[in-house]
Amino acid sequence: MSTKDYLEKDYYKTLGVAKTAKPAEVKTAYRKLARKYHPDSNQGDAKAEERFKEISEAYSVLSDEKRRKEYDEARSLFGGGFRVPTGSRPGGGGFNFDLGDLFGNTGDAGGGLGDLFGTVFNRGNRTTAQNRPRRGADVETETTLSFSDAIDGTTVGLRLTGEGPCPTCRGTGAKAGTVPRVCPVCAGTGQSSRNQGSFGISEPCKECRGRGLVVDDPCPACSGSGRAMSSRTIQSRIPAGVSDGQRIKIAGKGAPGERGGPPGDLFVRVHVKPHPVFGRSSDNLTVTVPVTFAELALGAEVKVPSHRGAPVTVRIPPGTPNGRTFRVPGKGVRRKDGTAGGLLVTVEVMVPKDLNTKARSAIEDLREATAGTDPREELLERAKETT
Ligand SMILES: [Zn+2]
Ligand SMILES: [Zn+2]
């Protein structure tokens, strides 16, 4: 038999033991099964023979502390869905049953499956860059909120597109049915060292681009890179009071880390749609309110709209200049501490296009009454002084 498909196999399941099983439990389970399916007591039974081989294969790995660790690491690294090509094992050919273990001797299985694991996956002991845990990348995204949602806070669905392990090959870069081969140039370290004078220089291996593995038969989905773009949607809380153009950090929602590294952060650029009536100035809301000349000149109490509330009354004192801004406290954007900014009300004189007869005659009377005052007189004088 060959060692093909062995990473796909669940050796723990084959032996009927838990992943946490102690060596003695593994041995007991193996012996019991191996006796039952041993070819000597199942002559001509092909199924029993196949089963016996599976059991032996599982045991040869799980009984060896080092190989078992490598097996566990390999499965956690590649998720277990990983195929080994026929005949890829160095030396090829048969599989070593250790009958010594079966019959109670403590023999060393030697050779066998562990070697392949050893060459391909025994890189965890070396401190190459690609074996260290790596923090996931930060991810940027954008969202557009309504004016009101930006003020009140809301939950939005964010579609995130990012690079992750290729789902077809589970990040190995190798075509289904094949595995990457340990890089012959750097022997899997991903680093190439050369001596320059008395200094040893270490740089990423050119053959495998620092990966430590080379792919002979690339995965068609990712062209052998092992990486793929994928998108996911997450629900995210946007806090109250964000403003247009603001960048919000959502910790831990970026790209997942590699080899147990922490995830990156997500940054959301917020766009806020304008409101037909209100504007924003930090914690304050702004509104421009049309008033008549008479209201500014004589004083008035005017009703102005507030955001998501009943209109509020603003008292305009007599003689208020056009363009003056009044502040209504507490009617602005809510802050984190529960207080709120103000509503900034700017008055703007509305000049009527059409006047009824009575209004026209009243304004004509006003013109007559104020004929003696030229509002530009002072301006003209000052202009002369400065030239
Ligand atoms: Zn290399
Ligand atoms: Zn792929």
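1. A residue counts as buried when its relative accessible area is under 20%, as exposed when that area is over 50%, and as partly exposed in between, using a 1.4 Å probe and protein chains only. At 2% relative accessibility, Thr172 is therefore a buried residue, and its place is the loop between β2 (154–165) and β3 (181–182). Its side chain also takes part in polar contacts, a term for pairs of N or O atoms within 3.5 Å, where within protein one atom must be able to donate a hydrogen and the other to accept it, and where residues adjacent in sequence count only if both atoms are side-chain atoms. A polar atom of the Thr172 side chain lies 3.1 Å from the backbone oxygen of Cys169, and the side chain of Thr172 reaches the backbone nitrogen of Ala174, also at 3.1 Å.

2. Please keep in mind that this is a predicted model, in which local features need pLDDT of at least 70 and side-chain atom pairs count only at pLDDT 80 or more, while totals for chains, interfaces and linings use all residues. Residues are numbered from 1 along each chain as its sequence is written, chains are lettered from A and ligands numbered from 1 in the order in which they are written, and side-chain values use heavy atoms, leaving out hydrogens and water.

3. As for the overall picture, the protein has 10 helices and 15 strands, where helices (H or I, at least four residues) and strands (E, at least two) are DSSP runs numbered from the N terminus. Of its 387 residues, 36% count as buried. If contact is taken as heavy atoms within 4.5 Å, then among contacts between residues at least 6 apart in sequence, 66% join residues at least 24 apart.

4. Helix α2 (residues 23–37) has 15 residues and spans 21 Å from its first C-alpha to its last, close to the expected 21 Å at 1.5 Å a residue, the expectation being 1.5 Å times one less than the number of residues. Its buried residues are Val26, Ala29, Tyr30, Leu33, Ala34 and Tyr37. Seen down the axis of α2, these fall within an arc of 125 degrees, so they line one face of the helix; the arc is that of the directions from the helix axis to the C-beta atoms. The face turned away from this buried side carries the exposed residues Ala24, Thr28, Lys32, Arg35 and Lys36.

5. Arg67, which is in helix α4 (residues 65–78), deserves a careful look. Arg67 is buried, with a relative accessible area of 8%, and a polar atom of its side chain lies 3.2 Å from the backbone oxygen of Ser60.

6. Two strands pair if DSSP finds at least two bridges between them. In one open sheet, 3 strands follow the order β1-β9-β8 with mixed pairing, and the edge strands, β1 (139–145) and β8 (247–250), each pair on one side only. Strand β1 is joined by 7 bridges to β9 (residues 266–272), and these strands run parallel, with Leu145 standing opposite Val272 in β9.

7. Another open sheet has 4 strands in the order β10-β11-β15-β14, again with mixed pairing. Its edge strands are β10 (279–281) and β14 (325–328), each of which pairs on one side only. Strands β14 and β15 (residues 343–349) run antiparallel and are joined by 4 bridges, and Arg327 stands opposite Leu344 in β15.
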